[in-house]
Each structure stands twice: as C-alpha cells, then as structure tokens.
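Biologist: I have a new structure open and could use a guide. Can we go through it together?

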Amino acid sequence: SDDIVIIDLPYSPNDIADFRRRLGLLLADIARTQERPKAIGIDVYIDREEHGIAPLVDGIRAVTTAKIPVYGVVKITGENNGNDPNYMEKHSRVSIEKLTCCGHTVVNSKFGTLFFRPYETIPGGGGIPALAVLMAQGCGNPMPGGEKPVIMPMGEIQEIEKRAYTYRQKD
C-alpha cells in the first residue's frame, strides 16, 4: 500500500538506552510534522529493563498528545516458541501503558510463505490480536478475525525498499 512507510532505526543491543532515546526523538519529530500519519506501529519489544525508558515514554506521549494512535508489540512467545501465559511480566509497564494498544507479531512460515494468525491464543485462557489487525481496524480497514491465517504478500524487494527509510538523528 502507498499509505505505509517503514522507518528503520539502527539498533545496537549493547546500548538499549541510546536506542530508546533515539526512538523517543523520532516519535517526537513525527508528532511535530504537518503531515501526520494515521497511526504508528512500533515493532520493538520493550522489556522490563527501565534504563533509558523516559525518553521513549516522552516520545510516545508526544504522538498520542498529537492524536496519533501508537500501537506496540508484546512478545508472547516463551520457551520452546510456545505462547507464554505470563508474557506481560516481560514488558515495561511504563511504556506499555502509554500505548494505544498492543498486539503480537508472531510470523510463521510454511512452504516459503509468510503468514500470521489474526488472534493468538495464550495457554490458560485468553489471547491477543495481531498488531497488523489492530492497526488496520484502528484506521478503519476491516481485517479478518478468528483463526484463519493471513498470508503476507511481501512483493518485490525493490517495492519494499521504495517505502523504507533509515532514520538518523543529528545530535
């Protein structure tokens, strides 16, 4: 879709606080733009480590104050790639509470085809919708529910690259 833009924010696992700071700055920059997006999806797992979380929370607050919904990811998989009934204990409550809502990004592959389930069940009851489903519904687009997998046609790499940008702040 021409409505989707992917922004890559370079990440170093050795400096999570700097990544969170830069992500917060990116969100604050988006909040100040004239052409605001319909929604923002953050496909980053924000764990319980609170080091450096304040700038990220400030960035999330900036876009939600600008009336831009912000959707986040929760990591629902546990040991042996099964869904973990205690998955929320792994996440930063401070950042999760500021988001519009959260969804899963569990992607599967079978016979070379990528797909996701619109709704993943969690052992012990309950479940969580896919991030893509939540964002589509939040933007007024119908998405399938239930257990039927959604096929992810990625298209040609050249088309994806046209819509992907690497964001680098000027410090």
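Biologist: Where is P37 found?
Modeller: P37 sits in the loop between α1 and β2. Keep in mind that this is a predicted model.

Biologist: Okay. How exposed is P37, and why do you class it that way?
Modeller: P37 is partly exposed, because its relative accessible area is 33%.

Biologist: What is P37 in contact with, leaving aside its neighbours within four places?
Modeller: I30 and I68. As for K67, that residue is 30 residues from P37 in sequence. In space the two are 10.0 Å apart, C-alpha to C-alpha.

Biologist: What span should helix α1 have, and what does the model give?
Modeller: Helix α1 covers residues 16–32, which is 17 residues. At 1.5 Å a residue, α1 should span 24 Å. Its end C-alpha atoms are 25 Å apart, so the model agrees.

Biologist: New topic. In what order do β2, β3 and β4 come in their sheet?
Modeller: The order is β2-β3-β4, in an open sheet with parallel pairing. β2 and β4 (101–103) are the edge strands, and each pairs on one side only. From one strand to the next, the twist averages 30 degrees.

Biologist: How many bridges join β2 to β3?
Modeller: 3 bridges, and the two strands run parallel. G41 stands opposite Y71 in β3.

Biologist: And how many between β3 and β4?
Modeller: Strand β3, residues 70–73, pairs with β4 over 3 bridges, also in the parallel sense. There, G72 stands opposite C102 in β4.

Biologist: Which helix packs on that sheet?
Modeller: Helix α4, residues 131–138. α4 touches β2, β3 and β4. Its direction makes about 170 degrees with that of β3.

Biologist: Are the β3 residues buried or exposed?
Modeller: V70, Y71, G72 and V73 are all buried. V70 and G72 point one way from β3, and Y71 and V73 point the other way. In a regular strand, side chains alternate between the two faces of the sheet.

Biologist: What about β5, β6 and β9? Parallel or antiparallel?
Modeller: Antiparallel, in an open sheet ordered β5-β6-β9. The edges are β5 (108–110) and β9 (150–151), each pairing on one side only. β5 and strand β6 (residues 113–116) share 3 bridges. S109 stands opposite L114 in β6.

Biologist: Zooming out, how many helices and strands does the protein chain have?
Modeller: 5 helices and 10 strands. The chain has 171 residues, and buried residues make up 33% of them. It exposes about 10600 Å², with carbon and sulfur atoms supplying 52% of that.

Biologist: Where is confidence lowest, and where highest?
Modeller: Lowest in strand β10, residues 164–166, at a mean of 62. Highest in α2, at 92. The protein chain averages a pLDDT of 78, and 81% of the residues score at least 70.

Methods:
Residues numbered from 1 in each chain as written. Predicted model: local features only at pLDDT ≥ 70, side-chain atom pairs only at ≥ 80, totals over all residues. Heavy atoms only, no water. Helix = DSSP H or I, 4+ residues; strand = E, 2+ residues; numbered from the N terminus. Expected span 1.5 Å × (residues − 1). Buried < 20%, exposed > 50% of the residue type's maximum accessible area, 1.4 Å probe, protein only. Areas by Shrake-Rupley, 256 points an atom, 1.4 Å probe, with all protein chains shown as cover. Pairing = 2+ DSSP bridges. Axes fitted to C-alpha atoms, helices over the stretch in contact; angles between N-to-C directions. Contact = heavy atoms within 4.5 Å. pLDDT = per-residue confidence, 0-100.
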